[in-house]
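Please open the model in your viewer and keep the sequence panel beside it. The tour below moves from one selection to the next and says what is to be found at each stop.

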Amino acid sequence: MAVMSVGDKEALLRRFHESIRAMWASQEWVRLSAIAGLGSGYSATNKLLIWAQASERGWEDSGPVAGYRVAQANGFQVRRGEEGLLIVAPVTRRDPTQPDAPPRVVGFRGVKVFSLLHQCDGPALPSTPSPTTLDDANAPEMVGPIGAWLASRGFDLRFVEFADPGLYGLTDFADHSVAVRAGLPPAGTALVLAHEAAHVILHDPRDPQCPTDTRLRECEAESAAHLTLGLCGLDTSAHSSAYVAAWVNGVGDAGLIASIAHVFRAAEIILGALNNPPSLAITPQTHDGQITPEADLVLT
């Protein structure tokens with residue numbers, strides 16, 4: 001397969017940027033949990049490319065995806081005439097004069113994957129139950145595990161009375177503390193704890209990758225909280241959608257694209273702290289040894 005041309009890459013990126021902006025500006029954003037569930041072997045960029053193409057085809061979500069051979073190895077057969085979903089992977093080469101040096105990226109190639117749900121015949125796929133709206137009756141107990149996790153990171157968890165009635169949580173990197181409004185109902189406490197935990201993971205001001213834009217930091221933290229609880233089967237969109245909508249205006253596309261990877265990473269860490277890691281659907285496609293794993297590939 002030929003290396004992806006500059007023109008093809010630029011066209012794919014334009015489509016990608018348009019889809020990302022549309023997602024953040026609409027209710028599609030609340031489907032982050034379905035996008036994240038595609039598996040750890042796909043980069044955030046490629047997960048979003050799959051999501052964008054699934055949306056263009058009118059699918060609510062793609063379901064599990066795999067390359068042609070991996071689908072066959074798992075008992076699935078791609079139906080005749082099906083057009084795969086395009087993702088991108090780097091082509092690498094080793095310098096024969098430097099055998100110990102890591103391979104360098106010399107280009108990109110398009111790789112097709114297929115939806116096992118929509119494009120293949122094979123074994124029945126497990127059904128994904130619709131998330132239940134987060135409420136006080138089903139809110140997970142997070143104070144203990146998140147408090148212990150924060151302590152392991154050197155942070156104290158405190159419950160306080162904020163003077164500002166609109167303030168529900170605050171992460172302070174100067175004194176290594178996370179404050180949560182005292183007296184919140186269980187659902188509110190769970191959401192605020194997940195939100196502040198995401199700040200701890202992503203927004204240390206000493207980290208050069210920490211966004212300088214407050215709007216972007218708040219979008220990331222609330223999105224990570226929504227995704228964390230979504231992967232626990234709980235829907236927070238009634239609160240989270242309005243919160244993100246209030247912060248996302250004016251944030252550039254490049255920031256939003258990078259933020260998706262940050263959100264996925266934060267949610268994975270928080271779920272680990274809750275001893276509830278997300279289940280991954282299927283081992284992703286490998287590419288005959290010519291393509292490095294594309295988990296760190298980010299297109300800019």
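Helices (H or I, at least four residues) and strands (E, at least two) are DSSP runs that are numbered from the N terminus. With that convention, begin by selecting the loop between S8 and S9, where His176 is found. Most residues other than glycine have a negative phi, and most peptide bonds are trans. His176 has a phi near 50°, a positive value in a residue other than glycine. In terms of accessibility, where buried stands for under 20% relative accessible area, exposed for over 50% and partly exposed for what lies in between (1.4 Å probe, protein chains only), His176 counts as partly exposed at 28%.

Before going further, note that this is a predicted model, in which local features need pLDDT of at least 70 and side-chain atom pairs count only at pLDDT 80 or more, whereas totals for chains, interfaces and linings use all residues. Residues are numbered from 1 along each chain as its sequence is written, and side-chain values use heavy atoms, with hydrogens and water left out.

**The whole chain**

Of its 300 residues, 45% are buried. Taking contact to mean heavy atoms within 4.5 Å, residues 24 or more positions apart account for 70% of the contacts with a separation of 6 or more.

**The sheet around the loop**

S8 and S9 are joined in the antiparallel sense over four bridges; to see a bridge partner in S9, pick Gly169 and look for Val180.

**Helix H6**

H6 has 17 residues and reaches 24 Å from its first C-alpha to its last, close to the 24 Å expected at 1.5 Å a residue, the expected span being 1.5 Å times one less than the number of residues. How much of H6 is covered? The helix is mostly covered, with 15 of its 17 residues buried.

Within H6 (residues 186-202), select His199, which is buried at a relative accessible area of 8%. Its side chain makes a polar contact with the side chain of His195 at 3.1 Å; such a contact is a pair of N or O atoms within 3.5 Å, where within protein one must be able to donate a hydrogen and the other to accept it, and residues adjacent in sequence count only if both atoms are side-chain atoms. Leaving aside neighbours within four places in sequence, His199 is in contact with Thr171, Phe173, Asp204, Arg217, Glu218 and Ala221.

Then move to Ala197, also placed in helix H6 and buried at 2% relative accessible area. With neighbours within four places in sequence again set aside, Ala197 is in contact with Trp149 and Ile270. The C-alpha atoms of Ala197 and Ile269 are 9.3 Å from each other, although these residues are 72 apart along the chain.

Centre the view on Trp149, which touches Ala197, Val200, Ile201, Ile269 and Ala273, not counting residues up to four places away in sequence.

**The other sheet**

Finally, select S1, S4 and S3, an open sheet of three strands in that order with antiparallel pairing. S1 (65-66) and S3 (85-93) are the edge strands, and S1 pairs with S4 (residues 104-115) over two bridges. Helix H3 (residues 44-56) packs on this sheet, touching S1, S3 and S4, and its direction makes about 155° with that of S3.

Notes. Pairing = 2+ DSSP bridges. Axes fitted to C-alpha atoms, helices over the stretch in contact; angles between N-to-C directions.
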